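Here is a set of questions and answers for a reader who is meeting this structure for the first time. Please look over the sequence and the model before reading on.

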Amino acid sequence: RPVLSRALDSVALQTWPNVEVVVVNARGGEHAWLPEQCGPFPLRLINQDGEKLPRSQAANCGLLACRGVYLTFLDDDDTIDPDHIKYLVDALKNHTGTAVAYAGVRGVNEQSPREPIIEFREPDVDFARLLMGNILPIHGVLFPAALVQAGARFDETLDLYEDWDFWLQLSRQAPFVFVDRISATYYADGG
């Protein structure tokens, strides 16, 4: 989709110096050409000429292809601020033991992106709170790859709320640490 360039541009501006970008071609078939770099960071396109993948399967495909210590997701129609990854990594490094870090996300209307329509800013996230609702946009969260190595995966039988189920899994393995800032943008198409 045309918005992929905007998402990748936001990754290219990250101030955290060690980023690996993995783009999953979930549509299947041939993906348009992508450079080998996203700003200063290496970029890999996976599932080129492959089959169409449901969201949960595409997420797992990306999870298993990543080589980083910390992982996050970014849908092709959303963006992250330049310090987003840095602040989340700092929170994880300052926490004793394994944790999952998350920051606030602004929701904006695609047609008027300067005017936020909602803020996702929940300071207390744990398993019980997550049972009440899907309150974490996927790109607001950074988690250790060790949680994936311990078996966390997206449930490929889910066609909707697969990220919510994933957060529930992670919340049973590690505490969630809130970074009190809004550093990512979720674009809505008018609603």
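**A buried charge, and what surrounds it**

Q: Which side chain of opposite charge is nearest to Asp78, which is buried yet has no salt bridge?
A: The model discussed here is a predicted one, and in it Asp78 is found in the loop between strand 4 (70-71) and strand 5. Although Asp78 is buried, no salt bridge is formed by this residue. The nearest side chain of opposite charge is 5.9 Å away, whereas a salt bridge needs the nitrogen within 4 Å of a carboxyl oxygen; that side chain belongs to Arg6.

Q: What parts of the chain does the salt bridge of Arg106 and Asp81 tie together, and how many residues apart are they in sequence?
A: The side chains of Arg106 and Asp81 meet in a salt bridge, with N to O at 2.9 Å. Arg106 lies in strand 6, while Asp81 lies in the loop between strand 5 (79-80) and helix 3 (84-94), so the pair ties together parts whose separation in sequence is 25 residues.

Q: Where do Lys86 and Asp90 both lie?
A: Lys86 forms a salt bridge with Asp90, and the closest N and O atoms are 2.7 Å apart. Lys86 is partly exposed, with a relative accessible area of 28%, and Asp90 counts as partly exposed at 24%. The two residues are four residues apart, about one turn of the helix, and the element in which both lie is helix 3.

Q: How many salt bridges does the count come to?
A: One of the salt bridges joins Arg129 to Glu122, with the closest N and O atoms 3.2 Å apart. Elsewhere, Glu20, Arg44 and Arg67 are linked in a network of salt bridges. The count for the model comes to eight.

Q: Which cysteine has the sulfur closest to that of Cys66?
A: The count of disulfides comes to zero, and Cys38, which is in no disulfide, has the sulfur of Cys66 as its nearest cysteine sulfur, 13 Å away. Cys38 counts as buried at 4% relative accessibility, whereas Cys66 is partly exposed at 26%. For Cys66 the closest cysteine sulfur is 9.7 Å from its own, too far for a bond, and this sulfur is in Cys61.

Q: Which strands stand at the edges of the open sheet of three strands?
A: This open sheet has the order 1-3-2, with mixed pairing. Each edge strand has a single partner strand, so one side of each is left without a neighbour in the sheet, and these strands are strand 1 (21-24) and strand 2 (37-38).

Q: Which residue of strand 3 is the bridge partner of Val24?
A: Strand 1 and strand 3 (residues 41-46) pair in the parallel sense over four bridges. In strand 3, the bridge partner of Val24 is Ile46.

Q: How many residues of helix 6 (residues 162-171) are buried?
A: The buried residues of helix 6 include Phe166, Trp167 and Leu170. What covers the buried residues includes helix 2 (55-65), helix 4 (127-131) and strand 9 (176-188). Helix 6 is mostly covered, and of its 10 residues the number buried is seven.

Methods: Residues are numbered from 1 along each chain as its sequence is written. This is a predicted model: local features need pLDDT of at least 70, side-chain atom pairs count only at pLDDT 80 or more; totals for chains, interfaces and linings use all residues. Side-chain values use heavy atoms; hydrogens and water are left out. Buried means under 20% relative accessible area, exposed over 50%, partly exposed in between (1.4 Å probe, protein chains only). Contact means heavy atoms within 4.5 Å. Two strands pair if DSSP finds at least two bridges between them. Lys and Arg count as positive and Asp and Glu as negative; His and the chain ends are not counted. A disulfide is a pair of cysteine sulfur atoms within 2.5 Å.
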